[in-house]
Amino acid sequence: MRISLKNWELACRLQAETPVADLHMDLPGELLFRRRRGQRRVIAGRYLPVWKKAGISLVGAAVYVEDENLPEAALRNTLLQTEALKEEIREAEGAVHLIRCQADLDRAYEKSSVGILLYLEGLDCIGTDTGLLSLLSELGVMGASLVWSRQNLLACGCCRASEKREVKGKLTEAGMAAIQKMREQHMFLDISHLNDEGTEEVLTEADIPMLATHSNAREVYFHYRNLTGGQIDLLSDRGGIIGLNACSLLTGSARDGRHLELLQKHGKYLLERAGADHVALGLDLCRNYELARRELPANQLRGNDALPDQGELALLTAAFLEIGTRPDVIRKLLGENAFAFLRRVLPQ
């Protein structure tokens, strides 16, 4: 996609002026992999310069538990990822902080320090023991999805990004109990990996703040990981937001390489369908996580990211400018909507 110099410069300026939020990054798991190999100050050395370049002041750090840790080691792995993240925050010496309340959110919004929003990508770690959510809340976990793209004791996940198949099944009684406990702990519910039946069930029956941290539009590219038009309508009607996902398997650009064009097309559809107040960024860039997990040099993994990295976010911002998206709408997409949602959810 062709980007003009004028729009590139405006994109960079918008990101410098806006508190940018990326709602989904598998950061805790990457940090645990790297720290086990002796690497330290990963956030300070690897990510802070990238976040500064993109204007990012809030990162949604999702704890994802690999299949190999299920079921017995899921809680242990979750705790280890959480501790790895907190150690990295301490080593960043004030440049990064954990978001647990409104004051923490304000610090991120003012760009005085990058805020890390800790949540769980699936609740495999609790089994059916919903009481563990109180412990996790005390550790700084602010929200969770019930499932990743697999079934657990709470609900059924949709298919994986590398697949394209329908998965049936509703929430279990334990799943509904988990949502009630999350609500008591002032947590949010993320629906990004939930299957269709479960998504429709929670959207119509669950009383809890809800968002899709990293999902795209099924009308633009048919994949069961993407949201239907009806799901988008229900979520936006509830005041939820949808984080635009830069995984090429979900944008539809994995085969032909039209990454920027299709990513922008998903964003345009979401803005038109959900409204300008209900779309955010949840880029889900996984290449660095995969490099850390497999212990590979950077030139040995192509990956499925539709953007080179977070530091090149201006490419996407400029792509929206190219199609005539207003700067005020782009500011909402870049971060204003994410901060507005969290202001409604986080405790004082």
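1. Ala, Val, Leu, Ile, Met, Phe, Trp, Tyr, Cys and Pro count as nonpolar, Asp, Glu, Lys and Arg as charged, and the others, Gly among them, as polar. This is a predicted model: local features need pLDDT of at least 70, side-chain atom pairs count only at pLDDT 80 or more, and totals for chains, interfaces and linings use all residues. Residues are numbered from 1 along each chain as its sequence is written, and side-chain values use heavy atoms, without hydrogens and water.

2. The second largest pocket holds about 220 Å³ of space. Its lining has 16 residues, with Tyr47, Leu285, Asn288, Asp309 and Gln310 nearest the centre. By class, 8 are nonpolar, 2 polar and 6 charged. (A pocket is an open set of points on a 1 Å grid over the protein atoms alone, where a 1.4 Å probe fits, with protein on both sides within 12 Å along at least five of seven lines; lining residues have an atom within 4 Å of a point.)

3. Of its 28 lining residues, Trp148, Ala161, Cys286, Glu290 and Asn304 are closest to the centre. The lining splits into 9 nonpolar, 7 polar and 12 charged residues.

4. Which helix gives the most to the lining of the largest pocket? H12 does, with 5 residues.

Technical notes
Helices (H or I, at least four residues) and strands (E, at least two) are DSSP runs, numbered from the N terminus. Grid points are joined across faces, edges and corners, and a volume is the space filled by probe spheres set on the points.
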